[in-house]
Amino acid sequence: MGAVATPVAVVTGLDGERPHGTTVSAFSSLSLDPPMVCVSLDRSSDLLKLIRRTRRFGVNVLSSGQSEVATAFARKGADKFAGVEWDLDAGLPRVRDCVGWLACDVERLVRGGDHTLALGNIVAAGHLDLPPLTYHQRRFGTHNPFDALSN
């Protein structure tokens, strides 16, 4: 799957006043009617335990300048938000300067091997006009559009 370019996102949750988050590359649109997304989380993740309890999660699609944020949230530990600018939006942590942001209510959690798919109904959304951060062959990059008519 390393040959497949994916968007990089930080999935977030809130435990009281304490934000939690983890980097994911397995995130996709699931449905337009109703608007839904799917994220894949390791079954042993603390964030998944929080999402099971609160039945809510945020998706922060990172911009091309946020590879350090992606790396910080990919690590284990409780201080992932240290030094990261974020706001509370729709009751969930929203990382500043991300390309897109979604607040989701859990529709269903589906076990898949060593991961769980969180299917979420989108209840709030926002975006900025910035290039996205992508992950391909173990390296960060971004999308560069081309004019298909010129080929």
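The legends below describe close-up views of a predicted model. Local features are given where pLDDT is at least 70 and side-chain atom pairs only at pLDDT 80 or more, while totals for chains, interfaces and linings use all residues. Residues are numbered from 1 along each chain as its sequence is written, and side-chain values use heavy atoms, with hydrogens and water left out.

**View 1. The largest pocket and its lining.** The largest pocket has a volume of about 510 Å³. A pocket is an open set of points on a 1 Å grid over the protein atoms alone where a 1.4 Å probe fits, with protein on both sides within 12 Å along at least five of seven lines; lining residues have an atom within 4 Å of a point. The volume is the space filled by probe spheres set on the points, which are joined across faces, edges and corners. Of the 24 lining residues, Gly21, Thr22, Ser45, Asp46 and Lys80 lie nearest the centre of the pocket. Strand E3 (18-24), strand E5 (35-42) and helix H1 (46-54) each give two or more residues to this lining, and E3 gives the most, with seven. Helices (H or I, at least four residues) and strands (E, at least two) are DSSP runs, numbered from the N terminus. The lining comprises eight nonpolar, nine polar and seven charged residues; Ala, Val, Leu, Ile, Met, Phe, Trp, Tyr, Cys and Pro count as nonpolar, Asp, Glu, Lys and Arg as charged, and the others, Gly among them, as polar.

**View 2. Strand E5 and its pairing with E4 and E10.** Six of the eight residues of E5 are buried (under 20% relative accessible area, with a 1.4 Å probe and protein chains only). Two strands pair if DSSP finds at least two bridges between them. Strand E4 (residues 27-32) pairs with E5 in the antiparallel sense over five bridges, and a hairpin joins the two strands through two residues. Leu32 has Pro35 of E5 as its bridge partner. Seven bridges join E5 to strand E10 (residues 115-127), again in an antiparallel arrangement. The bridge partners in E10 include Asn121 for Met36 and His115 for Asp42.

**View 3. The hairpin of E9 and E10.** Strand E9 (residues 100-112) runs antiparallel to E10, joined by 12 bridges. Ala103 has Ala124 of E10 as its bridge partner. Two residues lie between the strands, and Gly113 in the turn has a positive phi of about 65°.

**View 4. An open sheet of three strands.** The strand order is E1-E11-E12, with antiparallel pairing. Strand E1 (6-7) and strand E12 (139-141) are the edge strands, each pairing on one side only. Two bridges join E1 to strand E11 (residues 134-136), and Pro7 has Thr134 of E11 as its bridge partner.

Technical notes:
Buried means under 20% relative accessible area, exposed over 50%, partly exposed in between (1.4 Å probe, protein chains only).
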